[in-house]
Amino acid sequence: MTDQGVRRTVDQVPATACDAASDRSRGPVPGEAGEPVPGEAGAELAVSAPPVSPAALRRAERRAERITAGATELEQRLADLLRGGLITAEQTGPSLWEETAARMVDAQAPGLANRARELGAPAGSGADAPVRLLEECALLHLLARAWLRRDRLPEPLAATVRSRVGLTTSPDGPAIRDDWLVLAQYDTSDSRLTTRRIWLYGAASGRTALLLSYGAAGRAPDLTLPAGLALDAELTPYPGAVQPRMALTERFAPPAATTVRPPGTTTSGALARYGAALRDDPWRESVPVTLDRVVPVPDGDGWQLADADEDHALPVGEAARTRPGLWRLVALSGGAPVRVFGECGPRGFTPLAAWPQGPGEAVPLC
């Protein structure tokens, strides 16, 4: 405890690093971090391997040229915005960014389009809107410059940049067979599709993996794995720096009960892990983290996950505060330490599953 009797909250990670998916209800954005972009022109191009024919090579070169032209235009638009002042963007509203996003779609850069479209959200929404808009513009500028200078980047970072601008990737191995504990499963939807995220932890490898599955809008994806069970399976990683996404290559047995739990860290360790991930992927919105021996405690209008053995805490993300999973977590804890898995970003922690300190099954929170 602090001298005032209130646990000290660890300061937010500088928001210029990235924006937290854990604080948004939108879920994963197609075109980010190797996530496919259904229906986008050229989305069938796999950047993890060279084209197999001269015609495919020419198509890839033409698309790269269009993306380069789009990134150059985007840089000019951002420069014009800063010269004119952010107040101009607030007065114009989302229409400015919708038009910019449309230009990036024309350039076959859906990842740039998605990030440009999201710039309309901070504009005119809250007292800190200019600050958040500037942060988002800085990240978009960084991505555009990274694409224009991708030939100078280390290959893992270059692969991340390619996927961030919207080029799809293919898993490139090596495959990992393990008993994968299903940590959490949840869906997000928009007007085009439903996205399912499944987080796994490898008992032997110690790897945390993300499986993505897609369905049409309003329809659940086919892949379903019950949280708390373990799956004997082979997963293949996607390319990219600190990329958690993998593909389910083969199953060797149906999901079964397990006593395995992921190892945990402190709230300070969680933020350190997030900061380390940003060094390799500055556009990373959150990282999967398991917190050990934390207690959910109220904090004014919100909640914190406070270390039981240290004087630090993480705020629970705003979106998670309105979900019933938070109250399941509070009931499971009853004031005692628990182990919690979730997504940690610059504006908070989103709890997705929890375990009691003693024996007991995983409790889904999403």
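This is a predicted model: local features need pLDDT of at least 70, side-chain atom pairs count only at pLDDT 80 or more; totals for chains, interfaces and linings use all residues.
## Overall composition

Eight helices and twelve strands are assigned in the protein. Of its 366 residues, 51% are buried. When contacts between residues at least 6 apart in sequence are considered, 66% join residues at least 24 apart.

## Packing of H1 against H5

Helices H1 and H5 pack at an angle of about 145°, and their axes are 9 Å apart. The crossing of these two helices is left-handed. On the H1 side, the contact is formed by Ala-64, Ile-67, Thr-68, Ala-71, Thr-72, Leu-74, Glu-75, Leu-78, Leu-81 and Leu-82. On the H5 side, it is formed by Leu-134, Cys-137, Leu-140, His-141, Ala-144, Arg-145, Trp-147 and Leu-148. By class, the contact of H1 with H5 contains 13 nonpolar, three polar and two charged residues.

## Packing of H1 against H3

H1 also packs against H3, at an angle of about 160° and with the axes 8 Å apart. Because of this angle, H1 is roughly antiparallel to H3. H1 passes H3 in a right-handed crossing.

From H1, the contact draws on Arg-66, Gly-70, Glu-73, Leu-74, Arg-77 and Leu-81. H3 contributes Trp-97, Glu-99, Thr-100, Arg-103, Met-104 and Asp-106. The residues in the contact of H1 with H3 are four nonpolar, two polar and six charged.

## Packing of H3 against H4

The angle between H3 and H4 is about 180°, with their axes 8 Å apart. The two helices are therefore roughly antiparallel. Residues Trp-97, Glu-98, Thr-100, Ala-101, Met-104 and Val-105 of H3 meet Leu-112, Ala-113, Ala-116 and Arg-117 of H4. By class, seven residues of the contact of H3 with H4 are nonpolar, one is polar and two are charged.

## Residues with positive phi

Most residues other than glycine have a negative phi. Gln-108, which is not a glycine, has a positive phi of about 60°. This residue lies in the loop between H3 and H4. Gln-108 counts as buried because its relative accessibility is 15%, below the 20% cut-off.

Arg-293 likewise has a positive phi, of about 55°, although it is not a glycine. Arg-293 is located in strand S7 (residues 287-299). With a relative accessibility of 28%, Arg-293 counts as partly exposed.

## Surroundings of Leu-352

Leu-352 belongs to strand S11 (residues 348-356). Its relative accessibility is 3%, so Leu-352 counts as buried. Neighbours within four places in sequence aside, Leu-352 is in contact with Ala-184, Tyr-186, Trp-199, Phe-341, Gly-342, Glu-343, Val-363, Pro-364, Leu-365 and Cys-366. Leu-352 and Ala-320 are 32 residues apart in sequence, and their C-alpha atoms are 9.2 Å apart in space.

## Surroundings of Ala-227

Ala-227 is found in the loop between strand S3 (208-216) and strand S4 (229-237). At 32% relative accessibility, Ala-227 counts as partly exposed. Residues up to four places away in sequence not being counted, Ala-227 touches Val-182, Leu-183, Ala-184 and Pro-364.

Conventions:
Residues are numbered from 1 along each chain as its sequence is written. Side-chain values use heavy atoms; hydrogens and water are left out. Axes are lines fitted to C-alpha atoms, for helices over the stretch in contact, and angles run from 0 to 180 degrees between N-to-C directions. Helices (H or I, at least four residues) and strands (E, at least two) are DSSP runs, numbered from the N terminus. Angles under 35 degrees count as roughly parallel, over 145 as roughly antiparallel, 65 to 115 as roughly perpendicular and the rest as oblique. A crossing is left-handed if the near helix is turned anticlockwise from the far one by less than a right angle, and right-handed if clockwise. Contact means heavy atoms within 4.5 Å. Ala, Val, Leu, Ile, Met, Phe, Trp, Tyr, Cys and Pro count as nonpolar, Asp, Glu, Lys and Arg as charged, and the others, Gly among them, as polar. Buried means under 20% relative accessible area, exposed over 50%, partly exposed in between (1.4 Å probe, protein chains only).
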